[in-house]
Amino acid sequence: MNLKDMEKSLGILFNFKIPQNELVSLVCECPGVLDCQFLNKWEMSFSQLGLSTGSPSMVRSVLEHSRKYHLDPNNFFKTLVVLRGMGFNNATLSSVLEGFPEVLGFGVEDRLKPLISEFKALGFDNDLISGEISRDPRILSMELGELSRCFELLRSLKCRVAILEKIYSEGEFRAGFEVKLRVDYFCKQGLTRREAFEVLWKEPRSIVYKMEDVEQKVDFLVNRMKFNIRCLLEVPEYVGVNFDKQIVPRFNVIEYLRSKDGLGSPIGLRALIKPSRLKFYNLYVKPYPECLKFFGRYSEDVEVKSQQPVGLWKILKPQSKPATKEDVENMKVFMKL
């Protein structure tokens, strides 16, 4: 590339008003964006589609992704037609393209349109679909039939009503997408899709916790506790309990006892998570008072509050029947036998 073309390319990039630090990062990571012919083509496309005033971050994402994967502006145009048909304005389109530029590589007829049609077939209207996509553009990464499979899991859950209410607190669509995020994450960590669905089905509370909390627990399980990710198949409760209040304190107690040779045999994940708080306390904390600093305060002398008014037992107590002479004789005969 000669100096004249370089200056022209930089001039086009400056016209997009991309911040200097992002522009430098873009050129370093993807030098191909300096191709003058490539930039001319996209500058014209942005202008024709009314996106010349789009956010600089969106422009950068589109340029970088299209150059890396050799995407044509024609497919970009078809994708925008589909999204605008759902009521997306330019601001929303910029947000979607900035957050998930990979959508430009999807086939419109064989991927994007069938995906939107599936959402509608499940009973969701354009407003809800577009709102969820605006909220998290990664929804467009779902495979055909994937959301339906997530709904099947949700409808088969057997758990307390309170947990179900939390799962569906932001709507059915969002609940299904939260399942998809966790399945993808577990698969990335080494489980199969079937195994990932199994873990979620056995421990629905993992859907209630934020994705960051689930990632924190798995990272602690693998890197700190040195357990294999497949342990979740046997003890799925691990991803459904509180990290700070249960997992960390119990692990610290076991680690302390292990360092002092206070354990007769290795403690597995099941023995660490399954016992109730009282049972774990009696087994590993009560015999070793110094472990209280790891486990936290635990009072055995807890006053149990009565669920009934004081003296109610007197009202409900059946009336006593006075013993007759015949009753006394019968009792004596019975005792002799």
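The legends below describe an overview and several close-up views of a predicted model.

**Overview. The protein chain has 20 helices and zero strands.** Helices (H or I, at least four residues) and strands (E, at least two) are DSSP runs, numbered from the N terminus. Of the 337 residues, 39% are buried; buried means under 20% relative accessible area, exposed over 50%, and partly exposed in between (1.4 Å probe, protein chains only). Among contacts with a separation of 6 or more, 70% join residues 24 or more positions apart, where contact means heavy atoms within 4.5 Å. The accessible surface comes to about 20100 Å², and carbon and sulfur atoms hold 52% of that surface. Accessible areas come from the Shrake-Rupley method with a 1.4 Å probe, and for residues only the protein chains shown count as cover. Residues are numbered from 1 along each chain as its sequence is written, and side-chain values use heavy atoms, without hydrogens and water. In this predicted model, local features need pLDDT of at least 70 and side-chain atom pairs count only at pLDDT 80 or more, while totals for chains, interfaces and linings use all residues.

**View 1. Helix H1 (residues 3-15) packs with helix H3 (residues 36-48).** The axes are 9 Å apart, at an angle of about 30 degrees. Axes are lines fitted to C-alpha atoms, for helices over the stretch in contact, and angles run from 0 to 180 degrees between N-to-C directions. H1 is therefore roughly parallel to H3; angles under 35 degrees count as roughly parallel, over 145 as roughly antiparallel, 65 to 115 as roughly perpendicular and the rest as oblique. H1 passes H3 in a left-handed crossing, in which the near helix is turned anticlockwise from the far one by less than a right angle (clockwise if right-handed). Lys8, Ser9, Ile12, Leu13 and Asn15 of H1 meet Cys36, Leu39, Asn40 and Glu43 of H3. By class, this contact has four nonpolar, three polar and two charged residues. Ala, Val, Leu, Ile, Met, Phe, Trp, Tyr, Cys and Pro count as nonpolar, Asp, Glu, Lys and Arg as charged, and the others, Gly among them, as polar.

**View 2. Helix H11 (residues 172-189) packs with helix H12 (residues 193-202).** The angle is about 125 degrees, and the axes are 9 Å apart. H11 is therefore oblique to H12. The crossing of H11 with H12 is right-handed. From H11, Val179, Arg182, Val183, Asp184, Phe186 and Cys187 meet Arg193, Ala196, Phe197, Val199 and Leu200 of H12. This contact has eight nonpolar, no polar and three charged residues.

**View 3. Glu172 lies in helix H11.** Glu172 is partly exposed, with a relative accessible area of 29%. Leaving out residues up to four places away in sequence, Glu172 touches Phe124, Phe151 and Arg155. Glu172 and Phe124 are 48 residues apart in sequence, with their C-alpha atoms 9.6 Å apart.

**View 4. Helix H6 (residues 90-99) has the buried residues Thr92, Leu93, Ser94, Val96 and Leu97.** Their cover includes helix H4 (56-68), helix H5 (73-85) and helix H8 (126-135).

**View 5. Thr79 is in helix H5.** Thr79 is buried, at 0% relative accessibility. Apart from neighbours within four places in sequence, Thr79 is in contact with Val103, Val108 and Leu112.

**View 6. Lys226 sits in the loop between helix H14 (211-224) and helix H15 (243-259).** Lys226 is not a glycine, yet its phi is positive, about 65 degrees. Most residues other than glycine have a negative phi. Lys226 is exposed, with a relative accessible area of 63%.
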